[in-house]
Protein chains: 2
Amino acid sequence: MPTVRLRAMPVDDTTPTRLKGTPSWLIGQAAMHGHRILTERFAAAGARGYHYRLLAALQEFGPASQATLGRCTAIDRSDVVAALNELAAKGLIERSPDPDDRRRNIITLTPAGADHLDHLTAALAEIQDALLAPLSAPEREQLTHLLARVVAHHTTRP
Amino acid sequence: MPTVRLRAMPVDDTTPTRLKGTPSWLIGQAAMHGHRILTERFAAAGARGYHYRLLAALQEFGPASQATLGRCTAIDRSDVVAALNELAAKGLIERSPDPDDRRRNIITLTPAGADHLDHLTAALAEIQDALLAPLSAPEREQLTHLLARVVAHHTTRP
DNA sequence: CTTCCAACATTGGTGAAGCCAACGATATCT
DNA sequence: AGATATCGTTGGCTTCACCAATGTTGGAAG
């Protein structure tokens, strides 16, 4: 009684069509690759995603409280604490109490922090290029514009 | 001696321009919102991302081993184990030893699993719509196409 | 002035997701 | 037969997002 071998096995590395067409899957996959590239590249510089976000905010807006930093970098207050601890341990930022409001800490970017930020900014440029390698310049701008609208739609809702 | 109040404080919810222009940030933020919507919507159906991926693969390709499932859904073998445990506990899949290769398990989609997949597929369609709400139909296709090229570039490298 | 509420920094914990190392059992190749 | 590879499983690690509780402080209402 010979058994009929029905080979219904998926060919390896074949993504189900149910998935590979959905935007949320594509965005998620693209973000995954971007995150992986960024993590590796930043790890080589002794940093991680949160660090860059915070340093960039400090460089652009100047000294700020932790709560404010958390709001404009979209990082939870509790996670801001941990990230700033790490940055402070490396001398990249300084934490000093606000004399005008003793609940707040004033976070200041140190010169070393500014240097480190420049370093990370250069790395980030390479990361963009690696991530969007197959896209031409106008295509990259197109993608950026479309994504910006999507993100704006979901962040603008108080 | 009046103190000059230098207001260098960031306006809340203002994203640093260093970030809001970079594609990796935008992709990451878009993915975050998409992931949040998907997680909430799927949680209401008692599922999570991994479950849909696995069920979809099983529905499209038929019964398969865990390693194969992991490869074509981009889920680590060890995570496949946990996710399949959860699916099996709900009777959505069945795990049986492969008689031809006793290292393998053959994972089969049960009728209940197929029903659940249909339910999740409907939910996923709503998720796409919620995520890409501000975009027109041709714009969504444009975005999908651009992302597909980016993802393909990073997944195609043996 | 007191009372009450809101904001702040901090601690601690939860969960999804991705990744890696190791192990025993089994298949396959040499 | 022995070396090598695959498979399922366990356990652990990291990033990231989020939430609850606490004590301190500011500011507004009574």
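## The surface near the DNA

Sorted by class, the surface near DNA strand D holds 5 nonpolar, 7 polar and 10 charged residues. Here Ala, Val, Leu, Ile, Met, Phe, Trp, Tyr, Cys and Pro count as nonpolar, Asp, Glu, Lys and Arg as charged, and the others, Gly among them, as polar. A quick word on the basis: this is a predicted model, in which local features need pLDDT of at least 70, side-chain atom pairs count only at pLDDT 80 or more, and totals for chains, interfaces and linings use all residues. Residues are numbered from 1 along each chain as its sequence is written, while chains are lettered from A and ligands numbered from 1 in the order in which they are written.

In total, 22 residues surround DNA strand D, and the closest are Gly49(A), Ser78(A), Gln66(B), Ala67(B) and Ser78(B); a residue is near a strand if its C-beta atom, placed from the backbone, lies within 6 Å of it. Two or more residues each come from α3 (49-61) and α5 (77-89) of chain A, and from α2 (23-44), α4 (66-73) and α5 (77-89) of chain B. The most come from α5(B), with 3 residues. Helices (H or I, at least four residues) and strands (E, at least two) are DSSP runs, numbered from the N terminus.

## Two copies, one axis

The same surface serves both copies, as 100% of the contact residues of chain A recur in chain B; two residues are in contact if their C-beta atoms, placed from the backbone, lie within 7 Å.

## Where the chains meet

The contact takes 57 residues from chain A and 57 residues from chain B. On the side of chain A that touches chain B, α7(A) gives the most, with 13 residues. By class, that side of chain A has 30 nonpolar, 18 polar and 9 charged residues.

## One helix pair up close

The axes of α7(A) and α2(B) come within 9 Å and cross at roughly 40°. These two helices are therefore oblique to each other (angles under 35 degrees count as roughly parallel, over 145 as roughly antiparallel, 65 to 115 as roughly perpendicular and the rest as oblique). Axes are lines fitted to C-alpha atoms, for helices over the stretch in contact, and angles run from 0 to 180 degrees between N-to-C directions.

Among the residues that meet here are Leu143(A), Leu147(A) and Val151(A) in α7(A), and Leu26(B), Ile27(B) and Ala30(B) in α2(B). The residues of this contact divide into 9 nonpolar, 4 polar and 1 charged.
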